[in-house]
Amino acid sequence: MLKQLLTIVLIGLASLLGTTSANAAEYEATFKQLGFQEPLNIRGINGQISVPFSVRADEVVLSASVNLLFNYSPSMLDDLSHFNIIVNGEAIESVPLKKENAGKISQRTVNIPVRLLAQFNRLTLELIGHYTLGCEDPVHSTLWLNVSNFSKLTMTTAALPLGNDLGLLPAPFFDPRDRLPMVAPIAFAGTPNNPTLEAAGVVASWLGGLASYRGYSFPVSVGSLPADSNVIVFLLPGQTLPGLTVPQSNGPRLSMVVHPGNDTKKVLVISGRDENDLKTAVKALVLGTQSMNGSTVMVDGEVAAPPRVPYDAPRWISSSRKTRLGDLVDQTALQVAGQYPDLIRVPMTMPPDLFFWRSEGIPLELKHRYTLRTENDKSTLNVSFSDKFIQAIPLRSEQDMWPFEKWIRGVLKKPASVNEESVSIPREAFSPNGQLQLYFHFDVIKSGECKDAPINNIQAAVDKESTIDISGFPKFMHMPDLSTFANAGFPFTRMADLSETAVVIPAQASTATLSNVFTLLGRVGDLTGLPAYGFTLIRPNDLAGVDDKDLLLVGNFQGDELFKKWADSMPLEQNNQLWQLKTGGGFTSFVQQWAPWVGQKAQLPVTSLSLQGFDPSGFMVGFESPEDSGRSVVAIVGSETGVSKVLEAILSPDDVQLIRGSVVFVKGSTVASVLDEKTYSVGSLPIWVWVQYYLAELVLLNVLFLLGAALLFAFVLNRILKDMAKKRLEKRE
C-alpha cells in the first residue's frame, strides 16, 4: 500500500513539473471502440449525448484529451449556437458553431483536466442551438450536431503497481474498466501435454466470457515470459522459467508474484504435483469455489462442478421456463429519458435449433410505462430484433380509453401510462445471437408559433418483469449450418461446459495454433457465460478412444492422415495443398453452378481453396462426424495465419453475418460461404409433430409432381389439338 501511495505522489510531481513517467503509455480509443457503432446525432435546443469511459485499476492518468470530428447545421445562428464539452458534470470547454464552418467536417482537440477523472467517467456533448431570434420550435429539424464515432479519446497513463493479491482477480488480466481488447498471454515452461492445455483452455474460456464484446487474445509462449504483459503461467514439478521463483507445489496452488522482468506487471502461477492438480486449481479459480486472498492459495480437495443439462448456458434464454428481461440486463438499461431517448438493447442468445414450423413466433410479453401523453398523438414503442422491425405499439393517452377501462384501472391502481403488449418474434427476424431493440418514439405536437414548449421530464421504461418464452419449442434442425456455430457455438455449446466436445489439434501444434485454440475457447465462454471446464483435448491419433462427442478441429492438419480417412464424409476433396468442392447433384448444386445470382454475394460458390501462397487462406467446414452418426464436426483449417483470419471473421460483427452453409472460405478481407445440401439432422421432435412435418414435405413433393404432370399433359394435349386442326385444314384444301 505504501508503495502505491509513493507511486501516486511521484507521478503527481512528475505531472506538475511537466515530465512523464518512464513507464508511461499512451492509449487511444475511438468512440466506436467505446461502444458507439453509429455517429452521435444530437438534436434539439438542449440535446446531449454521453460517452462513458473508464480508467483501469492498475493505471493512473497523466494526461487526457479528446479529438472531436463533427459537423453541424448551416441554419443555426453562430452568435448564439455552441456545444459544451462536459466531463463528469463539469463543463471544460464551449465550442462556438461558426457559420463559415457549417456543413463540413470540423476538428477540435480539447484537453481534459486530470483532476476530474475517476475510475468511471462520462464525457457529455451538449448542443445549445438556435435558428431564429423569435419564437423557436425546440425540436426544429435545423437544430442538429453530428459527431463522428471516429472521434478519439487519448490518455497517457502510468502503471500503478498492484499488490500480490489473488483477491484482485480477474485483475490485472481483465479489468471491467478497460474498454480495449483484453490480451492475456499464457506461458508454459516446457512443451505442454494435452491435460495441461485443457487447464489453460478453461482459463481462456473464463477470461473470454468476462471480456466479451471488448475482444480477447491469448498469445502463447514456451520457455519464456513476455516482458511487457501480465502473464498466466502453468508449471509442473521440475519446471521453471527464467527469473521466476516459486516454491515447489505439494498440491493445487495459485500464486500471484511480481513479473521478474517488469515490476509493474504480475504473473499468475498455476502449479501442482501433476496435471490433475492443475485442473483442480483452475476449477477453483474459474468457478469461485474457494476464497482468493493473499499471494498464495492452496486448493483443498477436488472441486466439484454442478452437473449440466442441455441448453442451460447462463447467457442463453432458458428453455424450461419464461425468462425475465431483468435477468438479462440491469433495470437501468431498460430506462430512458428525453425527447429523443436512447435505444434499449437486450442481448438474447437462444438455441439455434428452435423448431419454428407452423409457429407464429417466439412470444414476448412487454410491460412498459412512460410519461403520460397529454393528448392523442403518434408516439409508439417500436420493437425490433437484430435490426429487423417487428411491431409499433401505440403509446396511449387517457383520451384513448373508454370510461369503463379508466374505472377498472382506478380499481386496480394501474395508471394509464402503464401498459402491456404481446409481441411475437417471427422466424424471419430470429437470430441465435440476437438483440431485442426497443425504441420509445415520442411524437411532437405542433401547437403553433410561440406555443410549442418542450416537455423536460419525458421518461420511459420497460419493466424488468417483461418476459420471453421459448420453453414450448422443440429442438430440431438440419445440419450443417456454420452460421449456428459462428453465432452461438452450436452444436458444441448445447452443453455449456463443452462436456460433449473433443477439441482436436495437430500432432505437432505450434504456439500460434495454441493461441488460436484459446481464442476460440474464449469465444465459447463469451457465448455461454460459463467456463468450458468439460471439454477434452486430443490429437488425431487419439480419436479411437473418444466416443459420442462433437469434434472441433483447429490448425493445419496437412501432415496428418485424418482428412484422407474422412474423405467420403467431407464436402471438400484434397489434392496436395489444394482443396476443391465436391460436385454433387440436387437443386442446390444446380443453383450454385447455373444461377449464381441467386442469394447474397457471400453465398457464391468457391471452386478451390489454396492453403499456400503469399496470402495464405483458411477455411471452415462442417459435416456429420464419420466417428459417430448424428454428431457434428467443425474444422477450422489452414496455416496459423489462415486460421487466425477465420477467427477474425467469427469475432467481427460484420463478417460473422456472412458465415453460413457448410464451407466458409476466408482470404484477405474476403469471406465467402458455400451453401450445400442438408445432409443430416440434430435434435428430436414429438412423434405427432414429426409425422406432420414429413408428411407435409411429401405433400409438397406430390403437389410439385402433379403440377409437373399437369403441365406435361397440357403440352401434349396442345400438340395433339394443333395436329388435328392442321389435318382438318388440309382436307378442306
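Author: Helix α6, residues 511-528, has 18 residues and spans 26 Å from its first C-alpha to its last, close to the 26 Å expected at 1.5 Å a residue, where the expected span is 1.5 Å times one less than the number of residues. Helices are DSSP runs of H or I with at least four residues, and strands are runs of E with at least two, numbered from the N terminus. This is a predicted model, in which local features need pLDDT of at least 70 and side-chain atom pairs count only at pLDDT 80 or more, while totals for chains, interfaces and linings use all residues. Residues are numbered from 1 along each chain as its sequence is written, and side-chain values use heavy atoms, with hydrogens and water left out.

Reader: Is α6 enclosed or open, and how many of its residues are buried?

Author: Buried means under 20% relative accessible area, with a 1.4 Å probe and protein chains only; 16 of the 18 residues of α6 are buried, so the helix is largely enclosed by the rest of the structure.

Reader: Which residues touch the most other members of the largest nonpolar core?

Author: In soluble globular proteins, nonpolar side chains tend to be buried together. A nonpolar core is a set of buried Ala, Val, Leu, Ile, Met, Phe, Trp, Tyr and Cys residues joined through side-chain atoms within 4.5 Å. Here the largest has 80 residues, of which L207, F234, I270, F518 and M620 touch the most other members. Helix α2, residues 194-211, gives the most to this core, with nine residues.

Reader: What does F518 touch?

Author: With contact meaning heavy atoms within 4.5 Å, and not counting residues up to four places away in sequence, F518 touches residues including I186, L197, A204 and V220.

Key
Buried < 20%, exposed > 50% of the residue type's maximum accessible area, 1.4 Å probe, protein only.
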